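Work through the exercises below with the sequence and the model open. Try each task before reading its solution.

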Amino acid sequence: MTALLATQALCKSFGPLVVTDHVDFVLWPGARHALIGPNGAGKTTFVNLLTGNLRPTSGTISLLGEDVTSLSFDSRVRKGLVRTFQINQLLMALSVLENVQLAVLERERVGSRPLPAVAVQRRAAEEALDLLEAFGLAEVALDRVATLPYGRQRLVEVVVAMAMRPKVLLLDEPAAGVPPSDSRKMMELIGSLPGDMAVLIIEHDMDLVFRFAQEITVLAQGAVLCQGNPGQIVDNPLVREVYLGTQSHG
Amino acid sequence: MNSSLKASIIDAHQRRDRLHPYEVLPWLTAALIFFLFPQFLNLGAHVLVTIIFVLSMDLLIGYAGIVTLGHAAFYGAGAYAAGILCVSAGINEPFTGLAVGTIVGGVVGILSGLMILRTRGLALLILSLALLLLLQEAANQASAWTGGADGLSGMSMAPLFGKYRFGLDGKVIYLYSLGVLFVCWLFLRMLLATPFGRSVVGIRENAVRMAAIGANVRRRELAIFTIAAAMAGLAGALAAQIDQFVSLNMLSFELSGMVLVILALGGVSRLYGAFLGTPVFFIAQDYLSKDNPVYWNFWLGLLLVAIVLFARGGVLGILARGFGRMRLQPAASSALSQARS
Ligand SMILES: Nc1ncnc2c1ncn2[C@@H]1O[C@H](COP(=O)(O)OP(=O)(O)OP(=O)(O)O)[C@@H](O)[C@H]1O
Ligand SMILES: [Mg+2]
């Protein structure tokens, strides 16, 4: 089995500040992997390096066996590496439906077509509406994203990523700011994603992490502190000290 | 959610791009002016040409969200291309001139786009302005071709379709400009509804999002920039032909600024902002500078302050707010409110 996504000795510094420190990381097909660590540990930065939103200072990243270290963000997306953002990145003035429809069109590689494509656009809108329905968003399909409460915008962010049918999905705190009822629904849906898709989730809510993840990586000050299955992570005294300790007793 | 409700949501979504009956209004108005106000046809032709130029600017600012101050560069390039073609090469067939102006505008557009689209915001604004000034000075220096500060005169256009002479009554140039504007409008109306057109609007809304769904943002911006430049070149060529004259003013910062003002007046990112803003601007200029031309800038400034403070979205914005409710799709919205309750 070849890894879907892998890094070797990945490093990133902002000036003197080392934010990613020699990270070796592998995501296998079907992975349900969680990346945890205290605030400022470098989780988002690590995802930014994986996707190409940031360039590493050194080290390599490979996607589906191919070195993509110098590839742009959008070309990695076209190879199947899709992410959501910790802070929403949505088309605020457009409808919820069109946010998802445009993703479907890009996935189908017709997003740059400068000729009328009414039938193609209609089919994309239908697929988008079906997806929105699965997330309980069909009723607001025609509303502008800007009019939704923040929690529902978070859901749209995830639906847009789903619409891309990723091979590897990176979710940066998808449930942050989502009301508990919706976040449970979101995690259910994330849990029921296609089995061969690899999913990496950054999440602070330990209940969600332990319910979802088969594998957990703990990041502290940019370096991998430890990695293992949920049981191993809970029992690891190092983790308790730097992370879980402050979380569960703090 | 049942399938008929879904279908009505999809219909409502798709209906946005269809033609509305009110879209016949500008063309009706143009026809009425032709028949009822023959004394205004020369002025009318200039209004129509300016609308084309403003439309091309709206494509950049309103749709792609690329704010530049250098758009006159492409207008001027198209004008000089058509002028030089006529004066120096002796090719005076109007449509050939338009084609050459369009191509030259597009080529200058793609070359400058490659440079300035690397930047954003203020840097882009300044770079676009710098390019415009460079081009203006180049035209000034190349006086053997361009006539320099005196302007390029001596254009004499062949009759349109080999038949209709550009007469003094303005009939031919009015209809010629109207025809070209109609084609441009049709093209934009089509383009903006395509996946490409919508993705450009997406880039305006959030470029990071569009990259995150796999769009090559830089390439699409370059494409829309080139299209806008080509259309500005077309407008410039047309202006040169109906005036039979090209001047350095067509490459000026003031002209870029005027187009921005017209867009602010009419309303950005609505094609019809150009159709409303341009005549309003011309009429206001004519009326307000009648008694004392010195005061024109004062009134213009006052008007702009009023628009920015009280009527963002320009004249069209005011109208849209008034008619806002009429634009809701009755079937889908009632179906949806049922589904919600
Ligand atoms: N562009 C940047 N320039 C300088 N420092 C940065 C930059 N981006 C992030 N940092 C710093 O890098 C460190 C890691 O930030 P990062 O956002 O990756 O943390 P995180 O683990 O995602 O935190 P959180 O849980 O709060 O989201 C922080 O100290 C942050 O201040
Ligand atoms: Mg983060």
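The exercises go from the ligand site to the two chains and then to single residues.

This is a predicted model: local features need pLDDT of at least 70, side-chain atom pairs count only at pLDDT 80 or more, and totals for chains, interfaces and linings use all residues. Residues are numbered from 1 along each chain as its sequence is written, chains are lettered from A and ligands numbered from 1 in the order in which they are written, and side-chain values use heavy atoms, without hydrogens and water.

**Exercise 1. Find the residues around ligand 1 and sort them by class.**

Step 1. Select the residues with a heavy atom within 4 Å of the ligand. They are Phe14(A), Val19(A), Asn39(A), Gly40(A), Ala41(A), Gly42(A), Lys43(A), Thr44(A), Thr45(A), Gln86(A), Glu173(A) and His204(A).

Step 2. Sort them. Ala, Val, Leu, Ile, Met, Phe, Trp, Tyr, Cys and Pro count as nonpolar, Asp, Glu, Lys and Arg as charged, and the others, Gly among them, as polar. The shell gives three nonpolar, seven polar and two charged residues.

Step 3. Look for the main contributor. Helix H1 (residues 43-51) of chain A supplies the largest share, three residues. Helices (H or I, at least four residues) and strands (E, at least two) are DSSP runs, numbered from the N terminus.

**Exercise 2. Which side chains make polar contacts with oxygen atoms of ligand 1?**

Step 1. Apply the cut-off: a pair of N or O atoms within 3.5 Å; within protein, one must be able to donate a hydrogen and the other to accept it, and residues adjacent in sequence count only if both atoms are side-chain atoms.

Step 2. Read the distances. An N or O atom in the Lys43(A) side chain is 2.8 Å from a ligand oxygen. For Gln86(A) the distance is 2.9 Å. For a polar side-chain atom of His204(A) it is 3.0 Å.

Step 3. Check the cover. On its own, ligand 1 has 630 Å² of accessible area, and the protein covers 61% of it. Areas use the Shrake-Rupley method with a 1.4 Å probe; for residues, only the protein chains shown count as cover.

**Exercise 3. Is Met187(A) buried or exposed?**

Step 1. Locate Met187(A): helix H6 (residues 180-191) of chain A.

Step 2. Classify. Buried means under 20% relative accessible area, exposed over 50%, partly exposed in between (1.4 Å probe, protein chains only). Met187(A) is at 8%, so it is buried.

Step 3. List partners. Not counting residues up to four places away in sequence, Met187(A) touches Ile201(A), Leu208(A) and Phe212(A). Contact means heavy atoms within 4.5 Å.

**Exercise 4. Where is His22(A), and where is Leu64(A)?**

Step 1. His22(A) sits in strand S2 (residues 17-27) of chain A. Its phi is near 50 degrees, a positive value in a residue other than glycine.

Step 2. Leu64(A) is in the loop between strand S4 (58-63) and strand S5 (66-67) of chain A. Leu64(A) also has a positive phi, about 50 degrees.
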